[in-house]
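Dear colleague,

Please find the structure below, handed over for your own work.

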Amino acid sequence: MRARDIKRRLSRNHGYGADELARMIDKTDLINTLSFEEHKLYQQELDRRKWRNFKTTVIYTCAAVLIVMFWPVIKHAGEVAHVNFVVYTDRRKHELSRCREFNSYKGYFGIFLLFIIDVLTFWLSTSILLSWVMTSKYFFPTPNLPIRPIEMLTPKGHDAGAFGKYGINIGPMIISWFFRYMSGQVEKFIGKAMSEALQQQRKKEKDVMKQRRREERAKEKEAKRAAKREAKEIAAEIARQRDAVDTREGDRVVDTSVEPNTLNDLEPADDESYSNFDEID
């Protein structure tokens with residue numbers, strides 16, 4: 001490396017001025033100075049790395065100790081979270097099944113909005129909880145709206161002191177309240193959509209029942225008419241048969257009748273007629 005490059009590196013990276021570099025005439029001095037500065041930077045980076053590893057070890061150790069000490073509480077919290085998750089999923093499944101049963105597109109849209117609101121609420125709650133111990137760019141963006149009680153209690157024109165800088169940030173509270181309000185409104189919207197779908201379904205069922213009753217009544221009337229026609233036909237057939245029987249009986253009586261002359265021939269010819277029994281006497 002040339003002396004000019006070494007001087008440029010010392011001036012840019014290590015803050016050496018032109019006067020200091022001008023006093024270093026020999027190239028060996030420049031090399032020693034650059035190596036000393038580089039070694040100093042290396043030592044500083046090594047110290048920072050050691051301190052970072054030490055902090056990481058302490059944090060992990062404390063976390064392990066806390067987990068062991070509060071394991072029953074953590075386990076109970078996990079069970080509660082699991083139960084809440086199961087209840088939430090079952091509730092959403094039931095709502096989806098009702099929407100599918102009633103064929104309500106408004107209900108599907110409302111459940112989609114509820115899912116988005118629930119995701120945003122969970123993101124906000126997680127960000128607020130983790131903001132006590134860490135910072136991240138992935139936290140929920142909340143406005144900073146502090147309320148400082150000391151400043152409110154301090155008269156005008158007086159200094160609140162160091163405690164006047166402390167306050168309560170109500171930005172996350174306002175956003176949480178807004179999410180709860182929107183969730184309630186969306187649930188009302190879903191309820192109205194379900195009610196309308198139920199009324200429409202009942203109306204369709206009533207129309208179908210009325211149509212079936214009309215068809216049944218029409219079939220009953222047609223069956224009664226057919227029965228009446230069949231009864232009339234049977235009665236007419238019976239009447240025809242009776243007329244035919246009466247006609248045949250009348251013809252038979254006329255054929256078997258005897259004339260008056262024949263009856264007179266059957267009487268005795270005169271009083272002097274006798275029989276075989278007279279001879280016996």
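The accessible surface of the protein chain comes to about 24,200 Å², and 60% of that surface belongs to carbon and sulfur atoms. Accessible areas come from the Shrake-Rupley method with a 1.4 Å probe, and for residues only the protein chains shown count as cover.

This is a predicted model, in which local features need pLDDT of at least 70 and side-chain atom pairs count only at pLDDT 80 or more, while totals for chains, interfaces and linings use all residues. Residues are numbered from 1 along each chain as its sequence is written, and side-chain values use heavy atoms, with hydrogens and water left out.

The protein chain has 9 helices and 2 strands (DSSP runs numbered from the N terminus: helices are H or I with at least four residues, strands E with at least two). Along the sequence the pattern is α-α-α-α-α-β-α-β-α-α-α. Of the 281 residues, 13% are buried (under 20% relative accessible area; exposed is over 50%, and partly exposed lies in between, with a 1.4 Å probe and protein chains only).

Helix α3 has 43 residues and spans 63 Å from its first C-alpha to its last, close to the 63 Å expected (1.5 Å times one less than the number of residues). Its buried residues include Leu-30, Thr-33, Leu-34 and Glu-37.

A nonpolar surface patch of about 780 Å² is formed by Val-65, Leu-66, Ile-67, Met-69, Phe-70, Trp-71, Val-73 and Ile-74. Patches are made of residues with over 30% relative accessible area and no salt bridge, with like charges joined within 9 Å and nonpolar side chains (Val, Leu, Ile, Met, Phe, Trp, Tyr) within 5 Å; a salt bridge is a side-chain nitrogen of Lys or Arg within 4 Å of a carboxyl oxygen of Asp or Glu. Helix α3 gives the most to the nonpolar patch, with 4 residues. Val-73 lies in helix α4 and counts as exposed because its relative accessible area is 55%.

Helix α5 covers residues 105-130. The side chain of Ser-127 reaches the backbone nitrogen of Phe-140 at 2.8 Å. Leaving aside residues up to four places away in sequence, Ser-127 touches Phe-139 and Phe-140 (heavy atoms within 4.5 Å).

How values were computed: Polar contact = N/O pair within 3.5 Å; in protein donor to acceptor, adjacent residues only side chain to side chain.
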